[in-house]
Amino acid sequence: MLQNRRFLPTLILTVTLWAAGQAASPVLAAGRYSVTKEKVEGHATYHLHDHALKMDFGLVPDIGNFAYEFKADGKDVLVPVESLASYAKARQFRGGIPFLEPFANRLDGDYYFFQGRKYLLNGSLGNFLRDQFGQPIHGLLVYETHWRVVKHGASDSEGAFVTSRLDFYRYPALMAQFPFAHTIDVTYRLKDGRLENTTVIHNVGASAMPVDIGYHPYFESPGTRQDWVLSLPARKHWILNKKLIPTGATEPTDKLLTNPAHFVLGKTYLDDVFSDLPRDSQGLARVSVESGNSKIEVLFGKEYSFAVVYAPWPHSLICFEPYTGPTDAFNLHHEGKFPGLVILNPGQTFQAKFWIVPTG
């Protein structure tokens, strides 16, 4: 969800400025796929290419490992940001795919609980955002500068990929807010018409740590909202309070959406949490939006058991957000309202995957 739901006027923009005056240097290429490293507004960016499908994906590691553009057949799949400078300066979500860690979405105060202990956030450190209600939102890493690329490559068998790493435990301002030593590796891979995201978290500390991550992709859906058909076959809708924090109560999704598997969006305003997603034989859950012969589908790996859907009327964007838990997961777990919190013991590793598949 957006940090401030009133900000939206500049969302639908073009990205022709990225290439202007910027020299691309080939990093690796093999047949159908290639990787290039470019300099955009002073930032090192990495670009994955699928030449057969005219797919291009752009990542800027030193602004929160932010996926800032994704095109298929020359058309935007993601809402592009106006510029990297404006995105970093505004400190508001505007497009692309921000990464949310160590908490996804909102907390209901400047604190969270884990294993009976209360941990306090320090607002003066300036490394988290606040929503329209003054609540902490979207973790600590949205604008984190210390990501580094550790691997990249391209081949017909592997597609085009780039892996970024953050050694969270090395940075006092991060550990002061979330004192659980860990590393994070994020790999984006373009292959066979899909953009794959793999996130790996390794607990390098001496105590157990909670895991609550999510991604916030902004999709620029084709056509108009009156033509958008959502497929959101989640069985549960989580009831939120006036500050968009789950109460712990749920209801069947069809209480909110008349036909969740085939719902015409129209003027419906969504900013909601869903769970109990049906899975196919491979353990994947599928949500999508389509209009005419164009479709954007998000596949949730089994680790992502929650979906936050944000579609603010009257704007032509929609977010299908894969989450490992509900909004305010740490505190809901402490209150006994969410038993499924992921907990990593010392030395353990957690891995989660999702895919974005644009067609038509």
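Me: Which residues touch the most other members of the largest nonpolar core?
Reply: Phe70, Leu141, Tyr188, Phe219, Ile318, Phe320 and Ile356 do, in a core of 104 residues. A nonpolar core is a set of buried Ala, Val, Leu, Ile, Met, Phe, Trp, Tyr and Cys residues joined through side-chain atoms within 4.5 Å. Buried means under 20% relative accessible area, exposed over 50%, and partly exposed in between, using a 1.4 Å probe and protein chains only.

Me: And which strand gives the most to this core?
Reply: Strand E25, residues 306-311, with 6 residues. Strands (E, at least two residues) and helices (H or I, at least four) are DSSP runs, numbered from the N terminus.

Me: Where do these values come from?
Reply: This is a predicted model, in which local features need pLDDT of at least 70 and side-chain atom pairs count only at pLDDT 80 or more, while totals for chains, interfaces and linings use all residues. Residues are numbered from 1 along each chain as its sequence is written, and side-chain values use heavy atoms, with hydrogens and water left out.

Me: Back to Phe219. What does it touch?
Reply: Not counting residues up to four places away in sequence, Phe219 touches Val77, Leu78, Val79, Ile296, Val298, Ser316, Leu317, Ile318, Phe320 and Ile356. Contact means heavy atoms within 4.5 Å.

Me: Val298 is on that list. What is its bridge partner?
Reply: Val287. Strand E23 (residues 285-291) and strand E24 (residues 294-300) pair in the antiparallel sense over 7 bridges. Two strands pair if DSSP finds at least two bridges between them.

Me: What sheet are E23 and E24 in?
Reply: An open sheet of 9 strands, in the order E12-E13-E14-E15-E28-E24-E23-E18-E21, with antiparallel pairing. Its edge strands, E12 (148-155) and E21 (263-264), each pair on one side only.

Me: New topic. How many salt bridges are there?
Reply: The count is 15. A salt bridge is a side-chain nitrogen of Lys or Arg within 4 Å of a carboxyl oxygen of Asp or Glu. One of them joins Asp131 and Arg106, with the closest N and O atoms 2.6 Å apart. Asp131 is in the loop between strands E10 and E11, and Arg106 is in the loop between strands E7 and E8, 25 residues apart.

Me: Are those two buried or exposed?
Reply: Both Asp131 and Arg106 are buried.

Me: What about Arg170 and Asp167?
Reply: They form a salt bridge with the closest N and O atoms 3.3 Å apart. Arg170 is exposed, at 52% relative accessible area, whereas Asp167 is buried, at 9%. Arg148 is linked with Asp167 and Arg170 in a network of salt bridges.

Me: Now E5. Why is it called largely enclosed?
Reply: Because 7 of the 7 residues of E5 are buried. E4 and E5 run antiparallel, joined by 6 bridges, and Phe57 has Phe70 in E5 as its bridge partner.

Me: What is between E4 and E5 in the hairpin?
Reply: There are 5 residues between the strands, and Gly64 takes a positive phi near 70°. Asn65 is also in the loop between E4 and E5. Asn65 counts as buried because its relative accessibility is 3%.

Me: What does the side chain of Asn65 make a polar contact with?
Reply: With the side chain of Ser164, at 2.7 Å. A polar contact is a pair of N or O atoms within 3.5 Å; within protein, one must be able to donate a hydrogen and the other to accept it, and residues adjacent in sequence count only if both atoms are side-chain atoms.
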